[in-house]
Amino acid sequence: MAALDNTLIAALLNYLTPTGAAGVNGTAIGTPLGTTAMKLRLNSTASSGAAAGTEIVNGTGYSAGGWTSLGQSTSAGTPIVVGVPFTTQSATATSAWSIVSFDLVGNGAQRGFWGLFNAQPIAVGIGNAFQVTGGAAGAAGIQISLT
Amino acid sequence: MSELAPEETPAGWLVTDPGGEVVAAGPQTVLGASADAGQET
């Protein structure tokens with residue numbers, strides 16, 4: 001199971017293969033995730049390559065669309081692995097959450113990577129906080145590669 | 001005899017109670033776009 005949105009897979013392959021006119025590599029990739037800060041969306045159902053899961057309801061520190069201010073991710077290794085988020089993200093449930101998956105999205109909700117949290121579903125009772133660990137490269141809670 | 005140090009594996013996520021105590025935690029989530037490439041025949 002790949003962890004990239006299907007539309008983005010198509011754009012990446014277009015860019016990396018001679019799919020353009022006269023065998024030049026394609027240009028479909030453009031800026032598929034926009035040019036402003038990305039977000040981390042939390043879902044109560046599983047995301048897939050085709051679509052995001054159902055987003056959790058708002059809580060304190062979480063608004064529709066996802067966590068913002070993820071910080072500037074860093075990477076390590078060859079081939080590289082990128083850690084997300086750089087800044088620890090935390091939100092407190094004001095109604096019970098069952099958290100299953102996430103989508104790393106552009107500011108306008110364009111989908112990039114998606115995944116299921118380890119040990120999901122994660123029950124977060126009212127008043128409790130859910131946190132995704134932030135840090136540099138291998139210390140972050142989500143590790144992303146193309147291998 | 002010294003004990004082995006626990007693995008320093010970062011938690012990927014945490015659930016904390018209002019007092020800040022950890023009530024649940026899980027490992028990092030590792031994503032690879034070609035995670036199943038080796039399954040091709």
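Me: How many other C-beta atoms lie within 10 Å of Ala137(A)?
Reply: There are 16, and that makes Ala137(A) partly exposed. With C-beta atoms placed from the backbone, 20 or more others within 10 Å would mean buried, 12 or fewer exposed, and partly exposed is in between.

Me: Where do these numbers and letters come from?
Reply: Residues count from 1 along each chain as its sequence is written, while chains are lettered from A and ligands numbered from 1 in the order in which they are written. This is a predicted model, where local features need pLDDT of at least 70 and side-chain atom pairs count only at pLDDT 80 or more, but totals for chains, interfaces and linings use all residues.

Me: What is the phi of Ala137(A)?
Reply: Phi is near 45°, a positive value in a residue other than glycine. Most residues other than glycine have a negative phi. Ala137(A) sits in the loop between β9 and β10 (142–145) of chain A. Strands are DSSP runs of E with at least two residues, helices are runs of H or I with at least four, and both are numbered from the N terminus.

Me: And what about phi at Ala109(A)?
Reply: Ala109(A) also is not a glycine, and has a positive phi of about 75°. You'll find Ala109(A) in the loop between β6 (101–105) and β7 (111–116) of chain A.

Me: New topic: which residue does a cis peptide bond join to Thr78(A)?
Reply: Pro79(A), with omega about -5°. Pro79(A) belongs to the loop between β2 (75–76) and β3 (81–84) of chain A. The bond from Val84(A) to Pro85(A) is cis too, with omega near -5°, and Pro85(A) lies in the loop between β3 and β4 of chain A.

Me: OK, how many residues does each chain give to the contact?
Reply: Chain A gives 27 residues and chain B gives 22. Contact means C-beta atoms, placed from the backbone, within 7 Å.

Me: Which element gives the most on chain B's side?
Reply: That's β1(B), with six residues.

Me: What order do the strands take in the open sheet?
Reply: The order is β4(A)-β9(A)-β1(B)-β2(B), with antiparallel pairing.

Me: Why is one side of β4(A) left without a neighbour?
Reply: Because β4 (89–92) of chain A stands at an edge with a single partner strand, as does β2 of chain B. That partner of β4(A) is β9(A), joined by four bridges.

How values were computed. Two residues are in contact if their C-beta atoms, placed from the backbone, lie within 7 Å. Two strands pair if DSSP finds at least two bridges between them.
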